Amino acid sequence: MKYYSQTDNVNWLKEYKARHNAGLETRRIVASFSKRFFSEHVPCDGFSDIETLGCPGHFFEDELMSILNMEGRKCLTWKYYAKKILYFLRQQNILKNLKAYLEQPGDQLSFLEGAVLIDQYCNPLSDICLTSVQAQVDDITDKVRKVLRTKNPRHPSLAPKAGEVLIVSDVEFQRQVLDAMNCVLYEQLKYKGNEMDYYNSLNSFIHQVLIRRTGIPISLSVLYLTIARQLGVRLEPVNFPSHFLLRWCQGKEGTDIFDYMYIDAFGKGKQLTVKECEYLIGHHVTEEFYEVVTSKEVLQRMVGNLLNLGKRESTDQSYQLLRDSLDLYLAMYPDNVQHLMLQARLYFHLGIWPEKVLDILQHVQALDPSQHGAVGYLVQHTLEHIDRRKEEVGPEVKHRSDEKHKDICFSIGLIMKHKRYGYNCVIYGWDPSCMMGQEWIRNMNVHSLPHGPHQPFYNVLVEDGSCRYAAQENLEYNLEPHEIPHPDIGRYFAEFTGTHYLANAELEIRYPEDLELSCATVQKIYSTVKE
């Protein structure tokens, strides 16, 4: 009912029909995605048919959620593509909200709202909303008021008028607020800087900071600053190098950097002098680094942190964090040549969205002609990629009955265990011998195996989220099979039976004789185990 006003005269039959039709159309589109995009990533324009359906967006979200919430281990492919579509739709809405947020006057921007928008964009499938986050911050603020009440029952922060923007001008009253905040945040609630796992992306997401009670300097500073301002103490963000800080003016108006104390929210709210700030990072910095920054600059630094984390997370083969943070950065600075080039190189490296790569490169060339060399190289190789894709005649079909496949022992869908590394995985493809280049064979020391590269190799989805290429002699049946929690499982499989996976229609086309063999193999394995 949140989408309807109680005063509206709604034609409910018409609404029901619209919802029903949206559901049918959504399921038709989800079902079509596997055939359309099995061989490549869903391109940027892959969602155009969803965008042009002309029905309320929440009807589509509702239907996609109903697909994702289907019980059991079936419809894995539908769930896989429903998740991708929902991810896209929510991110598009969040991006609109972010652009509207940035259009507001700088002095009206909420630091907390900006942090929530970044969090939502990087985690669009999580239930994150500003109202919920604000409620949690308000709860902490109420705890601070209780501590204040025990210290000073007449403190001006205790009885703000409804709708009033509270400003506490007396320095001693401000100090009492900060002391009470430190007591609640760091002593009672045990918030702390995450020194042990500093480069975990969860430290940058405000809803996770509130759940885990740990973060990095900038995320903890946003929380600290928000609570302080709700209690009438105006702290200001300082874009200090390597360690984000807040500053607090102890006089009527600061005229230079020495008129301020600098608060380290990562360091349990410790108040620092200018000299102590330099000790904190180990070197001298000029006065400009002590200046207050805008909400947009705070967001820029938060997104910059996520960009750096995305570059570090090499195990994530989709580079999702890097892609999301680049989207956010370019939403704020759409003409930044450095990040446009990074986005183009990333898509080129992943082999996805070649038409989008050409659009980005054309934009870069118009912004900065000096990039002609790098742009020309990427344009040439992207056009070659597009030409190769046009020449593809269809999927390669592998028949186990072919003589060249006689040494293949395992079939797609079987749950396996790696003899050497111990990881669990599921087979989603195979080759009669190693098809990787000589450099990969040399780097992976394949020649040290008894049968070397001249044995079957298997494409496997691993439980840690990676995709690997394993030699037949290194794999064995897993006698305690379980589901493999890999994000791409639905791309290849339609169902988990409890003992093995059943290929979806697209994978079955490529391995037409494997499905029956998988079932027979599983029955043979477990009848042997029982005996």
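Let me start with helix H11, where the buried residues are Ser 295, Val 298, Leu 299, Arg 301, Met 302, Val 303, Gly 304, Leu 306, Leu 307, Leu 309 and Gly 310. Buried here means under 20% relative accessible area, with exposed over 50% and partly exposed in between, using a 1.4 Å probe and protein chains only. This is a predicted model, in which local features need pLDDT of at least 70 and side-chain atom pairs count only at pLDDT 80 or more, while totals for chains, interfaces and linings use all residues. Residues are numbered from 1 along each chain as its sequence is written, and side-chain values use heavy atoms, leaving out hydrogens and water.

H11 covers residues 295-312, 18 residues in total, and reaches 26 Å from its first C-alpha to its last, close to the expected 26 Å. That expectation is 1.5 Å times one less than the number of residues. Helices (H or I, at least four residues) and strands (E, at least two) are DSSP runs numbered from the N terminus. The buried residues of H11 pack against helices H4 (76-102), H5 (111-122), H9 (217-230), H12 (320-332) and H13 (337-350), and against strand S3 (236-238). Contact means heavy atoms within 4.5 Å.

Next, the cores. A nonpolar core is a set of buried Ala, Val, Leu, Ile, Met, Phe, Trp, Tyr and Cys residues joined through side-chain atoms within 4.5 Å. The largest has 86 residues, and Tyr 224 is among those with the most contacts inside it, as are Ile 140, Met 181 and Leu 235. Beyond its neighbours within four places in sequence, Tyr 224 touches residues including Leu 178, Met 181, Leu 185, Leu 246 and Ile 263. A second, separate core of 30 residues includes Leu 461, Ala 470, Ile 489 and Tyr 492.

Now the sheet. Four strands form an open sheet in the order S3-S4-S5-S6, with antiparallel pairing. Two strands pair if DSSP finds at least two bridges between them. S3 and strand S6 (270-272) are the edge strands, each pairing on one side only. Three bridges join S3 to strand S4 (residues 245-249), and Pro 237 stands opposite Leu 246 in S4.

Is Ile 128 buried or exposed? Ile 128 is buried, because its relative accessible area is 8%. Setting aside neighbours within four places in sequence, Ile 128 is in contact with Val 116, Asp 119, Gln 120, Asn 123 and His 207. The C-alpha atoms of Ile 128 and Ile 206 are separated by 9.6 Å, at 78 residues apart along the chain.
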